[in-house]
Amino acid sequence: MRVTTQLAYERAIDAMNDRQARLVRSQEELATGKKLLSPSDDPTAAADAERTRSQLRRIEIQQRMNDFATNMLGQAESTLSRATDLMQSLREGFVQAGNGSLSPTDRGLLAQQFRSYREELYTLANRPDGAGGYVFGGQGTRTEPFSVNGTVTYDATPGVQQVGLDHDTPTSVDGRTAFMTVPTASGQRSVFDIVDDALAVLEDPNASKPTVTAAVQAALGGIDTALDRVQQRRTDIGEHLKALEGRTALNETSSIELSSELSDLVDLDFAKAISEFSANQTALQAAMKTYSEISKMTLFDYV
Amino acid sequence: MSLGGLFGVGTSALNAAYMQLQTTGHNIANVNTPGYSRQEVVLGSAGANGTGAGFIGRGVEVATVKRRYDQFLNAEVTATTAAAAGDKTRATQLARLDDMLANTDVGIGAALDDLTASFADVVNRPFDASARNVVQRRVETVVERIGSVSAGLDNMLEDVDQRLQQAVETTNNQLRTLADLNNLIAKASGSGQTPNDLLDRRDALVEEISGTIQASAFHYPDGTVSLFAASGQALLVGGAVADLSLSPSPDDASKLRLVVTTNGRDVPMRTEMLGGGTIGGLLKFRDEDLDAARFRLGQLAASVAWTYNRQQSLGRDANGQVGEPMFGFAQPRVTENSGNVGDAEFSAAITDGTVLAASDYQITFNGSAYLVKRLSDDTETTVSSWPATIDGLTLDLTSGTAQAGDRFLVRAASEYARHFTTELASGQRLATGYAVTTTQGATNAGDVSVRKFAVESNDTNLTAPVTITFDGAGNFSVSGTGTGNPTGLAYTAGMTISYNGWSMELRGVPAAGDTIQVVPTPDPAVDNRNARALLELADKPLVDGYSYNSAFSQLLSDIGVRTQAAQASASLSEQVLADARSARAEVSGVNLDEEAARLLQYQQAYQAAAKLMATAQSMFDTVMQMSN
């Protein structure tokens with residue numbers, strides 16, 4: 001083979017360019033910490049990475065709603081717990097008031113205490129959820145869900161508001177089923193009406209003993225049913241909170257798995273990259289060295 | 001015997017050695033000249049004079065100076081130059097496209113995910129103004145990202161046009177220079193000797209032209225050549241020089257095509273007729289790669305816009321109004337071929353944005369039927385009556401009559417990502433709620449409830465109050481405007497019932513007298529049900545069977561695969577070209593060491609010839625002294 005001068009130089013330059021390009025690539029990978037710098041580096045991995053990144057984002061979205069629901073349901077639970085306490089206090093008080101030995105004055109004093117419980121219960125029913133809505137906001141409302149127009153009415157749309165991507169998780173409590181529709185002998189009544197009726201009798205100094213006893217009995221029956229209703233809501237909420245906890249844990253696990261998957265797809269194996277960098281560096285040095293050696297050799301030196 | 005003979009032999013040797021030294025010098029001088037072929041002096045014996053004692057030589061004669069050259073190796077270099085230039089051009093352009101999509105952290109996919117994420121906060125708190133405003137800004141980001149990729153594709157298209165223009169101008173000049181060189185060579189060859197340096201320049205020029213538009217040379221005995229394009233189209237024959245130009249394609253005026261004009265006749269060149277060369281590479285990139293990217297981007301943009309706009313229209317915004325579109329985008333349009341004879345005009349409209357194909361379409365009329373061809377895969381559909389719906393696109397003949405051979409281009413996916421705009425004016429305009437909702441009767445004794453409620457169309461009776469009443473014996477009746485008030489319908493848990501544009505899935509066991517009411521939503525601003533539907537869109541197969549993100553991933557991997565393949569072809573054809581060049585250089589190239597050796601060799605010959613002359617001189621002097 002005849003080697004020609006121009007070609008020899010071109011080849012040497014090509015070789016150096018090639019080595020240099022690889023070195024720059026290694027350097028870029030090391031600088032960014034990524035092996036996938038553009039889709040053409042590995043089209044399948046690029047598409048997989050994009051999907052994985054999106055799945056990670058989806059988990060974040062789910063978790064955002066989970067966290068919100070956990071917060072809302074936690075508040076609902078503590079509100080209902082306080083409501084239970086109040087209703088139980090009222091119940092115990094009514095039992096005491098039903099005791100025939102009390103004078104009308106004592107009954108009146110007790111009734112005053114009951115009225116403060118009843119007021120607190122009403123305040124609880126209109127408790128804001130801290131995020132612009134109300135714990136008993138039903139399907140959603142911007143104004144207090146309960147109001148007094150002679151008697152207490154529920155103004156929000158009955159039902160619940162729900163969040164979630166794959167699951168329906170409530171973030172509010174249906175105020176109607178919680179407080180309003182307590183079945184009694186005289187049809188459905190609100191827990192407030194039941195308490196108010198009893199209080200009216202207890203506060204009446206002229207009420208006869210049998211009237212008081214009947215009123216207390218009716219109130220006790222109503223409160224027991226109302227307590228059942230509230231308890232049902234609390235059980236529901238407990239179940240939802242438990243499910244949320246499970247899903248949160250699952251999200252954490254999936255998130256770790258997906259992150260590691262994403263890292264495998266795009267992130268650089270530093271040990272490997274550094275050794276490649278050194279190899280490319282050595283190769284470039286060798287190409288430079290041989291180039292300068294070869295270019296030194298010419299017959300013209302001896303002519 | 002005369003001394004003149006000896007002088008003659010010496011002179012011829014001196015002359016020959018001098019010419020050899022000069023040629024060696026020429027070789028050394030041109031060691032780095034592209035296309036230069038090593039030259040060498042061809043010597044022959046000058047013959048002999050016959051004498052009684054035999055033939056006495058007359059010295060040496062320079063026959064010619066020839067170039068070391070192999071026509072076939074040269075043709076191989078010319079051909080591989082075209083292939084390498086075409087492949088390299090395409091790979092370079094694709095690499096730019098690839099780079100444009102490289103940073104996926106700020107890509108279209110990430111922007112779409114961010115938009116989805118912003119719905120989560122609105123689902124949590126539908127009446128939170130700041131959460132609503134974040135959605136509006138994320139919509140703007142999606143628009144910006146799609147717009148920037150779309151603009152990037154447009155810039156690349158413009159760049160391709162400019163490069164084509166430049167290539168055409170350069171080639172036209174080169175063809176004229178080639179014609180001039182042909183004339184010079186023909187004249188110079190008249191002397192009987194080959195004009196080596198002119199031939200080298202000519203061959204180098206052919207090679208250069210072939211790098212732009214694949215060409216092969218036909219050699220004539222007088223040293224001149226004719227030049228033909230890959231398709232056989234003449235670029236230079238005799239004195240006729242072709243003129244290359246670019247003109248709008250009759251099918252699609254937005255695209256330039258190459259036209260070769262020879263002797264006043266225009267021949268449009270299709271991409272596949274061009275073979276390699278920069279022009280072929282540019283056209284291939286434009287028609288295959290850039291179009292594919294444009295199609296996929298358009299498909300994704302249209303599906304995103306259409307599906308979000310539709311869901312938005314099914315909801316009610318913070319003011320209780322029907323949700324206005326979130327995105328705006330260019331609608332499909334139909335352009336007619338400039339050579340059409342008939343006066344038919346077509347319209348195109350998207351009727352189902354979830355099944356759009358990543359393609360444009362061509363309508364042709366063959367005299368009796370219409371053929372609609374999907375350009376991405378050449379699938380043809382015969383249409384006998386209009387309107388016709390293909391891939392979610394409804395095409396209609398709006399006026400006129402087509403004549404056989406008439407063609408129309410339906411600019412569909414290539415169009416959608418253009419004029420991509422944010423239409424959602426503010427967060428308040430986001431339709432988070434439904435116009436209607438359900439409530440259970442206050443006195444319901446059973447546990448029948450609504451599991452899934454959705455609004456599916458804006459029926460005129462959508463908000464009409466409807467009551468569903470159960471008889472507790474497995475049947476129910478429906479009453480309300482638009483329902484037809486049916487009675488005695490059988491109830492099964494899990495069944496779906498739909499009226500007036502809404503649908504609901506029922507579950508549980510109803511007791512006698514239990515009711516479910518459908519009522520207008522009192523305050524859609526605090527309702528999050530349509531926001532949930534908007535949130536769920538990202539999980540649905542709304543881009544011709546794929547989710548938004550999958551569709552975008554496919555765009556990424558498609559461009560990645562194309563770039564990778566183009567780079568592989570480019571590196572392969574570059575290697576083939578390097579091999580061809582090396583094979584040619586083996587014959588034609590200059591080796592300085594070799595020339596140095598020759599320099600010594602010819603120098604010695606020159607010195608010997610000079611010695612011969614000196615010897616003759618001294619002999620002449622001796623004879624002169626004898627005569628004194």
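**Notes on the B–A interface and the cavities**

1. Counting residue pairs in polar contact between chain B and chain A gives 31, with both partners at pLDDT 80 or more. Keep in mind that this is a predicted model. There are also 8 salt bridges between chain B and chain A. One to look at is A:Asp168 with B:Arg532, where the closest N and O atoms sit 2.8 Å apart.

2. On the chain B side, several elements each supply at least two residues that touch chain A: helices H2 (71–100), H3 (108–124), H9 (529–536), H10 (548–588) and H11 (592–627), plus strand E22 (436–440). H10(B) gives the largest share, 18 residues. By class, this side of chain B splits into 28 nonpolar, 25 polar and 19 charged residues.

3. As for extent, the contact draws 72 residues from chain B and 52 from chain A. The two chains bury about 4900 Å² between them, with 49% of it on carbon and sulfur atoms. Within chain B, the residues losing the most area to chain A are B:Asn124, B:Arg125 and B:Arg532, together 13% of what that side buries.

4. The structure holds 2 cavities of 30 Å³ or more. The largest has a volume of about 70 Å³, and its lining takes in residues of both chains, including A:Asp129, A:Tyr134, A:Gln161, B:Arg125 and B:Phe127. That lining has 2 nonpolar, 8 polar and 2 charged residues.

5. The second largest cavity comes to about 30 Å³. Its lining is A:Met72, A:Ala76, A:Asp129, A:Tyr134, A:Val135, A:Thr171 and A:Ser172, which divide into 4 nonpolar, 2 polar and 1 charged.

Technical notes:
Residues are numbered from 1 along each chain as its sequence is written. Chains are lettered from A and ligands numbered from 1 in the order in which they are written. This is a predicted model: local features need pLDDT of at least 70, side-chain atom pairs count only at pLDDT 80 or more; totals for chains, interfaces and linings use all residues. Side-chain values use heavy atoms; hydrogens and water are left out. On a 1 Å grid over the protein atoms alone, a cavity is a set of points where a 1.4 Å probe fits but cannot get out, and a pocket is an open set with protein on both sides within 12 Å along at least five of seven lines; lining residues have an atom within 4 Å of a point. Grid points are joined across faces, edges and corners, and a volume is the space filled by probe spheres set on the points. Ala, Val, Leu, Ile, Met, Phe, Trp, Tyr, Cys and Pro count as nonpolar, Asp, Glu, Lys and Arg as charged, and the others, Gly among them, as polar. Contact means heavy atoms within 4.5 Å. Buried area is the accessible area (1.4 Å probe) that two parts lose on being put together, summed over both. A salt bridge is a side-chain nitrogen of Lys or Arg within 4 Å of a carboxyl oxygen of Asp or Glu. A polar contact is a pair of N or O atoms within 3.5 Å; within protein, one must be able to donate a hydrogen and the other to accept it, and residues adjacent in sequence count only if both atoms are side-chain atoms. Helices (H or I, at least four residues) and strands (E, at least two) are DSSP runs, numbered from the N terminus.
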